[in-house]
Amino acid sequence: MQRPGKGKTPRRPGPKKASNIEKDPVGVYCRIRPLGAEDEECCIEMISSSTIQLHAPDGLKANRNGEYKETQYSFKKVFGINTTQMELFEDVAKPLVEDLIHCKNGLLFTYGVTGSGKTFTMTGSPGEGGLLPRSLDMLFNSIGPFQAKRFVFKPDDKNGMEIQSQVDALLERQKRDSQQSVPKTPSSRLKADPEFADMISSEEACKSENVDEDCCYSIFVSYIEVYNNYIYDLLEDAPFDPIRPKPPQSKILREDQNHNMYVAGCTEVEVKSTEEAFEVFWKGQKKRRIANTQLNRESSRSHSVFTVKLAQAPLDADGDHILQDKNQVNVSQLCLVDLAGSERTSRTRAEGSRLREAGNINQSLMTLRTCMEVLRENQMCGTNKMVPYRDSKVTHLFKNYFDGEGKVRMIVCVNPKADDYDETMLVMRFAEMTQEVEVARPVDRPICGLAAGRRQRNQAFKDELSRRLAERAGPINADDPDVLNQLIESLPALPPCELVDPADDQTLPRLIEVLERRHRIRQMMTEKFNKTASTLMSMLQQCESQLNAKETFLHDQRSKLSEKDKVIINQKMEIERLEKKSKTLEYKVDILQKTTGMYEQDKRSLEQELETREQRLQRELSERRRMEQRMQGMVTDTKLKWEKECERRVNAKQLEMQNKLWVKDEKLKQLKAIVTESSGGAGGSGCPIERPERPERPTRERDRNIAQKRSASPSPLPGNVFKTRGGGQAVQFTDIETLKQECPTASSRKRRSGSGEGPAPMEDIENRAPVAGTSAGHGYQKRRKP
C-alpha cells in the first residue's frame, strides 16, 4: 500500500471494487458485570466462552402468559463476571495496539445500557486499570527507546503531520520553555487525580516485540466529547473568567484531502510517557459531563472519544537522524470510544436537560444501529443504499473505519439484573446484527528502501568508538606523554649541547647535523604515515563501495521480492474477485431460472385462460350466428305474412268497394224503374213498359283467381311461424278468425222468387253483402237490421 504524501492519515490506495479487498467481520465481544446484590434476579447465563443465554424474568413471564422463550446469542468471546481487566485487554485491545505500531488504524468502543460497566471497562479504577491506561502503557513500553524529541513531528491542523529539523525542533522547545505557563482554572474537585502507578502494577506491564527500530516515533493524544450532537474539545485551555464565564465552543467535522474525517481545531498534545498521557486524559475527564440518575450515580451524558495518534518516520542511511522526507511519514491512530448508555425515561424519570440529553443519546445510538443495518444489507444483498452517516456526529466521525480504514472492535457490556431485560434484548439484537457487517482489512505498510539495522550499526559504531577511547584513556593528540616518548626514542639521540668555551665551533655543527637528521626522519615518517593513511582510506572506500553494492543488491532483491509478493497478492485478490463474481453470477442465474420458471408458469396459465376465452368466444359466435339465422327466418316469415295480409286486405277492400258500388247501382236502377213505371201508369199507355236491363254484378272471375292462388299456396296463418331444431316449423297463434258461409242455392232461390215479382226490395239489396275471406264460392251472409 502506497502511503499518502505529507504525513497524512493513511488511506487505502484509490477506489477499488469491494470484491478486490479482503474483509473481516466486526469483532464483537460481550462482558457481563457482576450483580449489585446477591439476592437480585439474574436473567443472563454464560453457556460457553462464546455463547450466552437470556431467559425472561418471572414477572415478565407472568405478564406474557409464559410464552416468552429463552434466546441464545453468540459472540467472538464472552467474558464472565470473574474476568479481570488484564484478560480483557489481552484479547481485545492488545492486537489493536500492535496494529497501531504497524501503521494500522483501529476503533474500539463500548456499547450497552446505562449502568452496564462501559466506563469501568474503558477507564477502570485504581488497582484495576481499564483498556485505555493499559493501551497507553503498552505503547510507551514498546516505543519508549525510539521516541523522537519534542516538536520534531508537528500537526499541521489538517489531519496531517509535518516533520521539522533538529534546529527547528530545538527552537520550538526553547520557545515553549520561555513562555510562562497559563494559569490553570481553579478546580472544585475534592480528591486528587488517580496516579497511573495506582492503576496498573509493574507485574502487569506488557510491550510489543515487533517494533521497527529503524524509525523514530512520537505520540499525540486528543480528547473530545459528543454532547447533544455537538462536539467539544476537552483538552482546550480556555481562559478562566470568574465574572463572566464563557461556555465552551463546539467544533466542526471536516474532511481532509484523503477523504478522512477529523475534528477541526482539536487540541493534540504530544506526550512522552505513560504518566504524562494519563495526566492529560484526566485533565479532559474532569470536563466530561456526567450526572446522577435513578439508574446510575455517575451516568455519562455524552459520548467520549480518546484518540491516540502515532507518527513515525524512518532514520537516514547513517541511522543517526530522522529522514527529512514528508512522504515517508506514516500516521496511524487508535480511537477509544466510551458511548453513553441507552436509557428509558420512564425508568430514569429524567426531566429538563436530563430528558434532552437522554433523547440525543438514544437518537445517536439509533443512528448507529441504522448505519449498521444498511451496511449489512448492502453487503449481503448487493444493494447500494446510502448509509446515513451524517445523521449523527458519532457515525459521521467514524465513517472511514466502516469504509475500510482499520479494524473495528466492539465490547457489549450487559447488566444481568432482571430490570434491564428489555433493554438488554435490544442490545443483543444490535450486537448480533453488527457481527454480520464486514470491514475491509488494512494492508501492511510498504518496506522502506533503506537497509534494515541502521540504528543498531550506528549504536555499535558509537559503542566501539567509546570503548577505544576508553582503552586509550582519551583522544590521540600531541600532548600525550607516551606518544611523545615513543617519538623521541625513535629519533637519533641529541649530542651534548653544553657550551663551555665561546670559541667552541664543534658543538653547534654537531647539533645542527643531528637536528637535520631528525627532520629528515620526521619527514620520512610523515610521508610513510600519509601513504599508510591513504592506503587505509582507499581500502575503507573500497570496503564501503562493496558494502553499498551489497546493500544495493539486497535492496534490489527485496524490491523484487516485494514486487513478487504484490503480484501474488494481486493474483489472490483476482482469484477471490473471480470466485465472488462466479458466486454472484451463480446466484443471479439461480434467480433468473426461478424467474423464468415463474414466467413460464404464468405463460401456461395465460395460454389456458386464452384458450378458454377463445372457446367461449367461439360458442358465443356460433350462438350469435344461430340467433342471426333465426332472426332472419323470423323477419322473412313476418315479412311474407304481412305482405300476404296486406294483399288480402287490399283485395277485400276492393271487393267491398265494388259491392258497395254495385249496391248503389242496383238501387239507382230500381229507383229509375220505379220512376218509369209510375210515369207510365199515369199516362195510360197500354204498351208494355221496357224494363231496363239490370246491371251486371261485378264479375267474380278475379275473386276466383285469387281464391285459387290461395288454395294453391298455403294460406297465411293467424300467428308466428318459427323454425325448430329438427328442421320443421312451429306456429304460434295470435288471433282467432271465425268464417261463416251460406248456401248459394238459397240466395239464388230468393233472387229467382224476387225476379218474378220484380226488383228486389231496397232493404234486401242493401242487406246483401259479400263475405270476405270465404272460400271460392264467395257466399253472402244476410244481415239483419237491428
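Which residues gather in a patch of negative charge on the surface? They are Glu-38, Asp-39, Glu-40, Glu-41, Asp-58 and Asp-419. Asp and Glu count as negative, Lys and Arg as positive, with His and the chain ends not counted. Patch members have over 30% relative accessible area and no salt bridge, like charges being joined within 9 Å and nonpolar side chains (Val, Leu, Ile, Met, Phe, Trp, Tyr) within 5 Å. A salt bridge is a side-chain nitrogen of Lys or Arg within 4 Å of a carboxyl oxygen of Asp or Glu, and a charge is placed at NZ of Lys, CZ of Arg, CG of Asp or CD of Glu.

Before we go on, please keep in mind that this is a predicted model, where local features need pLDDT of at least 70 and side-chain atom pairs count only at pLDDT 80 or more, while totals for chains, interfaces and linings use all residues. Residues are numbered from 1 along each chain as its sequence is written, and side-chain values use heavy atoms, leaving out hydrogens and water.

Let us start with the whole protein. It has 18 helices and 25 strands, taken as DSSP runs (H or I of at least four residues for helices, E of at least two for strands) and numbered from the N terminus. Of its 786 residues, 35% are buried. Buried means under 20% relative accessible area, exposed over 50%, and partly exposed in between (1.4 Å probe, protein chains only). Among contacts with a separation of 6 or more, 73% join residues 24 or more positions apart; a contact means heavy atoms within 4.5 Å.

Glu-40 counts as partly exposed because its relative accessibility is 34%.

Now turn to Thr-424, in helix 12 (residues 421-434). With a relative accessible area of 1%, Thr-424 is buried. Beyond its neighbours within four places in sequence, its contacts are Ile-44, Leu-54, Val-113, Val-414 and Asn-415.

Strand 22 (residues 406-414) holds Arg-409, a residue that is buried because its relative accessible area is 12%. The C-alpha atoms of Arg-409 and Val-28 are separated by 6.0 Å, although the two are 381 residues apart along the chain. Not counting residues up to four places away in sequence, Arg-409 touches several others, including Pro-25, Tyr-29, Lys-76 and Phe-109.

Finally, Leu-536, Met-537, Met-539 and Leu-540 make a nonpolar surface patch of about 400 Å², an area from the Shrake-Rupley method with a 1.4 Å probe, where for residues only the protein chains shown count as cover. Leu-536 belongs to helix 15 (residues 507-683) and, at 47% relative accessibility, is partly exposed.
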